[in-house]
Amino acid sequence: MKFTGITGNFTEANAEALAVAVFKGEKPTTGYLKDIDKLTGGLVAALIKAEEFTGESGDTALVRFTPKGSVKASRLLLVGVGPLDEYKPHSVCKLSGTATRFLRKRNIKSFALLPRYDAEVVEVVQNAVQGFITSQFELDKYKTKDKNNKQVTSLVICIDGAKPADLKNGIARGQAVGESINFTRDLANEPPNILTPTEMAKRAQAMAKEVGLKCEVLDEARMTKMGMGSLMSVSRGSSQPAKLIVLRYTPTRSTAKKGELLALVGKGITFDTGGISIKPSEGMDAMKYDMSGGATVIGTMRAIALLKPTVPVIGVVAAVENMPDGNASRPSDVVTAMNGKTIEILNTDAEGRLILADAVAYAEKQGATRIVDMATLTGAVIIALGVHNTGIMGNDQAFVDEIVGCGRAVGEGYWQLPLSPEYSKDIRSDIADIKNIGPRGKAGTIMGAVFIQEFVDKAKWAHLDIAGTAWLDSGKSHISKGPSGVAVRTLLKLVESSQ
Ligand code: BES
Ligand code: ZN
Ligand code: ZN
């Protein structure tokens, strides 16, 4: 793939098509749109007048420039970006992705993009490149025919008056982030017979080697020795051994306060049958994406290694398969976690919290002072928030606010649910310290969070329940259906704003 940034006139851009952002309700009477309308012989004005194109976000219209015009591109793609006052650098990601998918379908290999956002150049260019890369991810990896082989291979980004260094930097950042998001999505999409915990660890190791991260993989013997009885209990019913994947990023020059360490912790259930509390077979196939939190951690660590922020970050992924067999955990089993707390397992399908209990405790033991865990933890979060917001909860309001703010800056939605002390009482067990479920049908998402909270000691901690947001059931104008790669961009923003 080829990326070019230009500061001159868009008419000079060497590409088959020109894609231009158009605001909702915009008339082609001034500025860029007026110039462009002229080059089409008034076609743009006619389309807008007839309301065949409205500028609504994701709206598209393809026309031809007049043959003897002065533009190098022969086609013009209008792409709606919604109201001008809601237009942000992150909107350029959807703009670019929408244009890419539209043109790819029509066999076009190169286009120039006119995002019409002249400030925050690095961020705008980054989003243009990111959208271009993430929009071309498809689910057809295992198809032997009918693959989508069409690719747009060249993008020219036109921003008036931009500094060449900013264009270059934006392109490099966009490639790093876009490819890391796709890395996450590829992992999340892998079938569970292929992506076992062992394979997930191998992929993390190979990635770490490629980008220069430290990677350590703890096997079951090590985990047992460290007292991770909660995590290990989930793995008992599977013939696939569990792995704890630990990725470390250390900056060459650190600006972090002494002793400060951010940990990203992910749920990596490579398949969730529910265990002995087995799930109904209808829809169980979806549970291959139950390792999306872990995939997000691995993909985010990849991007961190490439972006080289000045703060250290550690990534911890508990990769485990939840299966039922003669060795599997039973409802009513009692296990002891690494921090010494005893857990009565009342539902083996509430396994994500069991593995995260030991994973967050491990992260804190490694020196983490701030922990973000992410997990497809509860069906309840889908009932509560649907697919447009990730549920967020935590033990420190300022930290939660910071993450929500990072999400807003990159266009990812988060919605906080409360974690007041009364909820913690709901998971008190009659025979052990805590039980792994709360009262049936009551605040299921919060129950998951208050459980994990029991394994955080002094660190600031936030929990992201991505069960509703990690998988798209239908495609959008700028992205295919399937794994979304949600939270990677938010976490990168968090890391970079901590510098
Ligand atoms: N992996 C599931 C949660 C889930 C459900 C993710 C649907 C995505 C879509 C999790 O391990 C689970 O089974 N949770 C149970 C918890 C319950 C037993 C307390 C749930 O949500 O039903
Ligand atoms: Zn489960
Ligand atoms: Zn699960």
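How many residues surround ligand 1, and which are the closest? The legends below begin with that view. This is a predicted model, in which local features need pLDDT of at least 70, side-chain atom pairs count only at pLDDT 80 or more, and totals for chains, interfaces and linings use all residues. Residues are numbered from 1 along each chain as its sequence is written, chains are lettered from A and ligands numbered from 1 in the order in which they are written, and side-chain values use heavy atoms, with hydrogens and water left out.

**Figure 1. The surroundings of ligand 1.** Ligand 1 is surrounded by 17 residues, and the closest are Lys279, Asp290, Asp349, Glu351 and Gly379 (a residue is near a molecule if one of its heavy atoms lies within 4 Å of it). This shell consists of seven charged, six nonpolar and four polar residues; Asp, Glu, Lys and Arg count as charged, Ala, Val, Leu, Ile, Met, Phe, Trp, Tyr, Cys and Pro as nonpolar, and the others, Gly among them, as polar.

**Figure 2. Side chains beside ligand 1.** An N or O atom in the side chain of Asp290 is 2.9 Å from a nitrogen atom of ligand 1. For Asp349, a polar side-chain atom lies 2.8 Å from an oxygen atom of the ligand, and for Glu351 a polar side-chain atom likewise lies 2.8 Å from an oxygen atom of ligand 1. The protein buries 77% of the 510 Å² that ligand 1 exposes when taken alone (accessible areas come from the Shrake-Rupley method with a 1.4 Å probe).

**Figure 3. The zinc ion that is ligand 3.**

**Figure 4. The zinc ion that is ligand 2.** Asp272 (OD), Asp349 (O), Asp349 (OD) and Glu351 (OE) coordinate this ion at 2.0 to 2.2 Å. Its site is irregular, with angles of 71 to 168° among six donor atoms. Asp272 bridges the two zinc ions, ligand 2 and ligand 3, which lie 3.2 Å apart.

Terms used
Polar contact = N/O pair within 3.5 Å; in protein donor to acceptor, adjacent residues only side chain to side chain. Donors = N, O, S within 2.8 Å, 3.2 Å for Na, K, Ca; no water. Tetrahedral: all angles 85-135°; square planar, octahedral: opposite > 155°, others 65-115°.
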